[in-house]
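Dear colleague,

Please read the notes with the coordinates open beside you.

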Amino acid sequence: MLNKKRILCLLLALTTAFACSTLVSCNKEEAPKELTYEISVRDSLGNPCTDGVIVRILQNGEQAAMQPCDADGKVTKLLMAGEYTVSVEFTDKSLSYNISGDLTLTPEKTSIQVIADKKITSEPVELYAAGNQNNAYRISLGCTYAELESGKRNYFLFAPTESGTYKFSIIGNEKAVIGYYGAPHYVQDNGIAEVTDNSFTVSVSAGMIGSGDTGTSTYVIGVDPADESVQSCVLAIERIGDPAWSIEDEPWTVYKTTADLVPYTLPENAVINEFDLTASTDTYQLVFNEDDGFYHIGTADGPLVLVRLAEDCEYIACFSTILERSGVSKYFFDENGEFVKKENYADCLFDYIECVDEIEGVYPLTEDLKYIIQQRGDYVGWWDKDSSGYLFKDADGNKLLDINSEIAWLLMCCYIE
């Protein structure tokens with residue numbers, strides 16, 4: 001039989017132990033708790049913002065923590081459990097950003113993602129499209145937050161600094177419709193790229209990379225708001241791969257001078273005669289004289305044929321003028337239309353121009369000059385009546401159909417007797 005005193009002692013001990021356990025448990029629940037909070041700063045494409053990005057964590061208006069983003073665009077902090085608000089700042093004060101997303105941290109929501117897209121800070125560029133002057137704004141690779149004017153097309157300019165395939169898109173706003181409208185020097189009325197899912201791609205070859213706001217190296221992007229409710233959008237530009245093959249990136253074959261050039265002086269009292277390009281094919285028989293390296297008419301000692309390299313002739317501006325305007329070259333293709341080579345004649349022509357007669361600007365016709373005239377003319381279509389490059393027209397722009405295409409390459413030539 002148990003002793004009553006002993007039973008009372010056991011009961012007292014159990015009660016004390018339970019009380020102490022309850023006290024310890026209560027003290028643990030009341031102890032301050034720390035949580036790991038994570039803030040990720042990214043643009044609308046999901047790319048991390050890393051350069052000069054400072055995240056501030058505030059509680060009741062007071063700063064609880066401050067830290068730059070790491071290489072992944074993240075900030076991780078161990079803080080007392082509670083509610084916090086987040087602000088994002090950038091050390092480069094020349095830039096401005098549109099910040100969006102949930103900026104509140106709680107014990108139940110310890111991880112958030114902040115969206116930071118660049119705002120446009122540059123002054124507008126004048127752009128003429130559809131006969132009207134418009135403002136266009138420069139944008140760069142990545143995401144750009146743009147405020148839009150309703151009721152009109154909004155224009156933006158992108159000048160790539162690297163060759164590649166670029167994707168242009170609008171993120172998160174189906175009522176702002178994107179399009180590609182050419183270059184600043186020629187803005188198209190209608191889009192010239194296929195738009196799918198409010199995006200289009202453009203291949204930019206190395207030969208198209210340039211500077212400034214004109215030329216093929218600058219692209220005009222247009223955004224059409226569907227209605228007045230569309231006040232802004234995010235324009236995204238991504239480099240998604242290397243450029244498609246382009247003939248412009250193929251290396252040039254430089255045509256070298258084959259003749260031994262010496263300065264040429266027109267004989268005293270020489271009379272310059274123009275070729276009649278309406279004559280029959282056999283009217284002018286050109287004979288190459290291997291001794292002097294020049295072409296003559298009829299025989300090796302006949303009238304010397306000259307090329308005008310520094311003055312205008314009857315039919316067309318001389319090669320010197322063409323060289324200054326567009327260069328002289330030809331692209332060669334095989335019978336299947338496959339690219340073979342690109343040939344450039346500029347260096348050769350400059351060699352000849354340095355040796356022309358100082359008064360008349362002529363030099364005797366050599367194999368080099370004959371080859372260059374014929375290659376360039378065939379390529380551009382100078383004497384092809386069905387080509388847009390056909391040269392021979394009257395004052396009203398009508399084609400002169402009596403030109404003999406077989407001898408039309410003599411348009412830059414003359415002869416002396």
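Which residues are linked in a network of salt bridges? They are Glu-162, Arg-239 and Asp-242, where a salt bridge is a side-chain nitrogen of Lys or Arg within 4 Å of a carboxyl oxygen of Asp or Glu.

Before going further, please note that this is a predicted model, in which local features need pLDDT of at least 70 and side-chain atom pairs count only at pLDDT 80 or more, while totals for chains, interfaces and linings use all residues. Residues are numbered from 1 along each chain as its sequence is written, and side-chain values use heavy atoms, with hydrogens and water left out.

By the salt-bridge rule the count comes to eight.

Another salt bridge joins the side chains of Arg-56 and Glu-89, at 2.8 Å from N to O. Arg-56 lies in strand 2 (residues 53-59) and Glu-89 in strand 5 (residues 84-90), so this pair ties together parts that are 33 residues apart in sequence; helices (H or I, at least four residues) and strands (E, at least two) are DSSP runs, numbered from the N terminus. Both partners are partly exposed, Arg-56 with a relative accessible area of 22% and Glu-89 with one of 29%.

A salt bridge is also formed by the side chains of Glu-274 and Arg-308, at 2.9 Å from N to O. Because Glu-274 belongs to strand 21 (residues 272-274) and Arg-308 to strand 24 (residues 304-308), the pair ties together parts 34 residues apart in sequence. Glu-274 is partly exposed, at 28%, but Arg-308 counts as buried, at 8% relative accessibility.

Turning to the nonpolar cores (sets of buried Ala, Val, Leu, Ile, Met, Phe, Trp, Tyr and Cys residues joined through side-chain atoms within 4.5 Å), the largest has 49 residues, and those with the most contacts inside it include Phe-275, Leu-309 and Phe-319. Among the elements that each supply at least two residues of this core are strand 24, helix 2 (319-326) and helix 4 (367-380). Apart from it lies another core, of 21 residues, among them Ile-139, Phe-158, Ala-176 and Ile-221.

With best regards

Key. Buried < 20%, exposed > 50% of the residue type's maximum accessible area, 1.4 Å probe, protein only.
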